[in-house]
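My notes are below, in the order I checked things.

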Amino acid sequence: MLPQSLLLALGAASTAAASVIPRQNGTTCTNPVVRKEWRELTDAEKAEYLRAAVCVRNLPKQKYSQIEAVTTRMDDLVYTHFSLNLDIHFVANFLPWHRWFLHLHENLLRDECGFKGVQPYWDWSIEADSRTMPESPIWDAATGFGGNGVKTGNPTPGFQRCVVDGPFANTNLTLAMGWPDMNTVGNRLHCFTREFNSAEGHDPVTGEIIIGDMQVSAYSSAVMRTIDNFDTYRRMSEMLEGLPHAQIHSVIFGDMGPATSPNEPLFFLHHANVDRAWARWQGRNATRLADYAGFIDRDETIRASITDEMPVMELADTKPVVQDYMDTMAGPLCYTYSKMTL
Ligand SMILES: [Cu+2]
C-alpha cells in the first residue's frame, strides 16, 4: 500500500484537440479526433510528437515578461502550473483544469510547432500489470522519451544526474525551473532528469536508489477498476489524483516530481491517461457529465460549482469555466480516446 508520507509530500510538491477540426467553439463535435495510446502510434507518428515536444521547449516565452526564470514557451506552461499548484491539485478542479491545460498545450503544439498529430496518452496500467515499468518502451531512446537519469560525474547541483538519451537528453534541453530545488522558482539551470524509485531509499551496499517495481500496485488495472466503480465525482477524483496520478509523478521523479512537472514531456501523456480515466468514468452519461463537487480550497471552506471559473494567470486571455470542460465532445473540446474500456 502507499506510504501516507509520500502522498502528503506529493500534495505539496506533486505534481499535470483535433487536427482536422482543431477548434469547435460551440459547434457540434461530429468528428472527434482520437487520442491513441503511445504504443498504438506508428514510428512516424511518435517521431512527429517528439519533434513538436522538443520544438515547444526551444521557442521563446510569450508570457510572464516580468518573471526572469521564465524563458521558453514551455516555461509559460511550467510556471503557470507551478504557481497555481495549491489551486489546481487536491481540490475539485484538478480534472477539468488539467483537461483544459492539455487542450491548450495541444493547440500550442499545433499552432506554434506545426504539429500534425493528436495528443497521445500513456496507459501505465499496462506496465503495472506486467510489472515492467523500468523496461517500458516509453523510455526507448529512439522511439520514446529516453530513460532514467544517470550519474554524470558533474558535481554542480542540478547536473549530477541527467537523462542522457532520447530526444530530451541534457544536451538538447536545459531547464530553468524546478529541480533540484523543488519548491521555489528561480533561474537555476539544470539538466532534464529522472530518478526512478520505489520510495525505498538507497541500496545499503551500492548506495544506488532502489528502483524496484516502481510501486506498480498503485497504478494497476485493479486500481483503475476501483476508481471506475466509485459513484460520485468527488470520490473518483480524489482516488484518481491521490493514488495512480500521484504515484506516477513520484516513481519517475526528477523533473516529474515537483510542481514544475510539465518540464517532463511525459507529463502530457500521463495526464491524458488520467483524463481518459475521468472520461471513461463519465461515459458521456448525462448525470456524470454534470457531476462536479468538492471544494475550491484545500481547507474545504468554499464549495466548488460547475460554473466556477478556473485560474490561468497569464497563460490564457479568458478563464475557462468548469462546465465547458466536462465533456470531451462538446464546447471547446472534440476528442475521444482509442480505448475507453479497462
Ligand atoms: Cu498538475
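These entries cover a helix first and its charged contacts after that.

Entry 1: I am working from a predicted model. I looked up helix α5, residues 94–113. Its 20 residues reach 27 Å from first C-alpha to last, close to the 28 Å expected at 1.5 Å a residue. I then checked how covered α5 is: 18 of its 20 residues are buried. Gly-114 follows α5, and its phi is positive, near 65°.

**Entry 2: salt bridges.** I searched the whole structure and got 20 salt bridges.

Arg-35 and Glu-106 meet at 3.3 Å, N to O. Arg-35 sits in strand β1 and Glu-106 in helix α5, so this pair ties together parts 71 residues apart in sequence. I looked up burial for both. Arg-35 is buried at 0% relative accessible area, and Glu-106 is buried at 0% as well.

Arg-73 bridges to Glu-112, with the closest N and O atoms 2.8 Å apart. The pair links helix α3 to helix α5, 39 residues apart. Arg-73 counts as buried at 6%, whereas Glu-112 is partly exposed at 28%.

Lys-151 and Glu-208 meet at 3.2 Å, N to O. Lys-151 lies in strand β2 and Glu-208 in the loop between β5 and α7, so the pair ties together parts 57 residues apart in sequence. Lys-151 is exposed at 54%, and Glu-208 is partly exposed at 36%.

**Entry 3: a network.** Which residues are linked with Arg-35 in a network of salt bridges? I found Arg-99, Glu-106, Arg-110 and Asp-275.

Technical notes. Residues are numbered from 1 along each chain as its sequence is written. This is a predicted model: local features need pLDDT of at least 70, side-chain atom pairs count only at pLDDT 80 or more; totals for chains, interfaces and linings use all residues. Side-chain values use heavy atoms; hydrogens and water are left out. Helices (H or I, at least four residues) and strands (E, at least two) are DSSP runs, numbered from the N terminus. The expected span of a helix is 1.5 Å times one less than its number of residues. Buried means under 20% relative accessible area, exposed over 50%, partly exposed in between (1.4 Å probe, protein chains only). A salt bridge is a side-chain nitrogen of Lys or Arg within 4 Å of a carboxyl oxygen of Asp or Glu.
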